[in-house]
Amino acid sequence: MIDLFEIKSVMPVVCLKDGQFAIVDHVEGADYIKLKKDEVGNHHYIPVSWVTSIEHNKVKIDSPGDDAIKNWLTSLPPR
């Protein structure tokens with residue numbers, strides 16, 4: 001189980017092969033991580049359920065970076 005309090009702003013988000021594809025902006029509620037703006041100025045979100053561990057001050061997910069980028073959200077779903 002991931003402790004959301006371990007996820008901090010500016011932590012790198014890395015994929016399966018330890019390649020960084022994003023940076024944490026902050027945790028959004030209990031279900032999502034808001035990522036820092038990309039090169040064109042857009043925020044993205046990934047589900048906390050993607051996170052497999054927090055190691056060496058990095059948030060690790062269990063998929064390739066390209067897959068994560070294809071499947072990240074550009075806004076949070078309505079509650």
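Visitor: Which residues does K36 touch, not counting residues up to four places away in sequence?

Guide: Contact means heavy atoms within 4.5 Å. With that in mind, K36 touches S9, V10, I23, V24, D25, N42 and H43, leaving out residues up to four places away in sequence. This is a predicted model, where local features need pLDDT of at least 70 and side-chain atom pairs count only at pLDDT 80 or more, while totals for chains, interfaces and linings use all residues. Residues are numbered from 1 along each chain as its sequence is written, and side-chain values use heavy atoms, with hydrogens and water left out.

Visitor: How confident is the predictor, and where is confidence lowest and highest?

Guide: pLDDT is the predictor's confidence in each residue, from 0 to 100. Here the protein averages 93, and 100% of the residues score at least 70. Confidence is lowest in helix α1 (residues 65-71), with a mean of 92, and highest in β3, at 98. Helices (H or I, at least four residues) and strands (E, at least two) are DSSP runs, numbered from the N terminus.

Visitor: How do I read the strands as a sheet? In what order do they come?

Guide: Two strands pair if DSSP finds at least two bridges between them. In this model six strands form an open sheet, ordered β4-β3-β2-β1-β6-β5, with mixed pairing. The edges are β4 (44-47) and β5, each of which pairs on one side only. On average, neighbouring strands are turned by 40° against each other, direction ignored; axes are lines fitted to C-alpha atoms (for helices, over the stretch in contact), with angles from 0 to 180 degrees between N-to-C directions.

Visitor: Why does H44 count as buried?

Guide: H44 counts as buried because its relative accessible area is 7%. Beyond its neighbours within four places in sequence, H44 is in contact with I33, K34, L35, D38, W72, L73 and T74. The side chains of H44 and W72 also make a polar contact of 3.2 Å. A polar contact is a pair of N or O atoms within 3.5 Å; within protein, one must be able to donate a hydrogen and the other to accept it, and residues adjacent in sequence count only if both atoms are side-chain atoms.

Visitor: What comes in the loop between β5 and β6?

Guide: H56 is there, between β5 (51-55) and β6 (58-61), and its 72% relative accessibility makes H56 exposed. N57 lies in that loop too, and is exposed at 57%. Most residues other than glycine have a negative phi. N57, though, has a positive phi near 65°. V10 is not a glycine either, and its phi is about 70°; V10 lies in the segment before β1 (12-14).

Visitor: How many residues does the largest nonpolar core have?

Guide: A nonpolar core is a set of buried Ala, Val, Leu, Ile, Met, Phe, Trp, Tyr and Cys residues joined through side-chain atoms within 4.5 Å. The largest one here has 18 residues, and V13, F21, I33, I46 and V59 have the most contacts inside it. β2 (20-28), β3 (32-35), β5 and β6 each supply at least two residues, with the largest share, three, from β2. V13's contacts beyond four places in sequence include F21, L35, I46, V59 and I61.

Conventions. Buried means under 20% relative accessible area, exposed over 50%, partly exposed in between (1.4 Å probe, protein chains only).
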